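Reader: I am new to reading protein structures. Could you walk me through one, please?

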Amino acid sequence: MIKAILENKYLIKPITSSNHSEIKHLYDLCSDYHIMCNGTNATDEDIDNIFKYTDKKTVDDSLTLGVYNDLLIGIVDIFKNYPNNGTWMIGLLLLSPNERNKKLGKVIHEEIKEYALSQGADTLRIGVVEENINGRKFWDSLGYQKVKSTTVSMGNENHNVDILALTLK
């Protein structure tokens, strides 16, 4: 399990559905992202969906982390061994607007990368919606490469999504 203190002021730790109100507050702050992807603000159902498990996404292969200073200021959702063994899919890395552009995303990514390596992962993947220009620049800056493009339905909208991958060393 990952638990890390970053730069002596941020804590990364697992979160669960019991953190619903904190996640809702973060999602409200991040309405720009949700409106870009879904066309609306995040709902309670969007929060509940993070913790819904199926035969393809189980509690054992999911890792949902909160990033805290004093409050929840970020969330990371990871699917282990998806779409194949050794590949971890970052489903979401979302930071409060006040915490963006401070290199925190890069620091969080480094923790994820180190943890994934320690657990036998050899690749990280992320899907980035075409409209998320700043997100794409971020992932490109970390060395991710485009693997493929696909179309994904989010809310009432269809989006072109680039699937990016980073080989871990």
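Author: Gladly! Let us begin with the charges: the mean positions of the 19 positive and 23 negative charges of the chain are 5 Å apart. Here Lys and Arg count as positive and Asp and Glu as negative, while His and the chain ends are not counted. Each charge is placed at NZ of Lys, CZ of Arg, CG of Asp or CD of Glu.

Author: A word on the source: this is a predicted model, where local features need pLDDT of at least 70, side-chain atom pairs count only at pLDDT 80 or more, and totals for chains, interfaces and linings use all residues. Residues are numbered from 1 along each chain as its sequence is written, and side-chain values use heavy atoms, with hydrogens and water left out.

Reader: How many helices and strands does the chain have?

Author: Five helices and eight strands, taken as DSSP runs (helices H or I, at least four residues; strands E, at least two) numbered from the N terminus.

Reader: Which residues of helix H2 are buried?

Author: Buried means under 20% relative accessible area, with a 1.4 Å probe and protein chains only. In H2 (residues 31–38) these are His34, Cys37 and Asn38.

Reader: Why do they line one face of the helix?

Author: An α-helix has 3.6 residues a turn, so residues three or four places apart point the same way. In H2 the buried residues fall within an arc of 75° seen down the axis, so they line one face; the arc uses directions from the helix axis to the C-beta atoms.

Reader: What follows H2?

Author: Gly39, with a positive phi near 85°.

Note on methods. Buried < 20%, exposed > 50% of the residue type's maximum accessible area, 1.4 Å probe, protein only.
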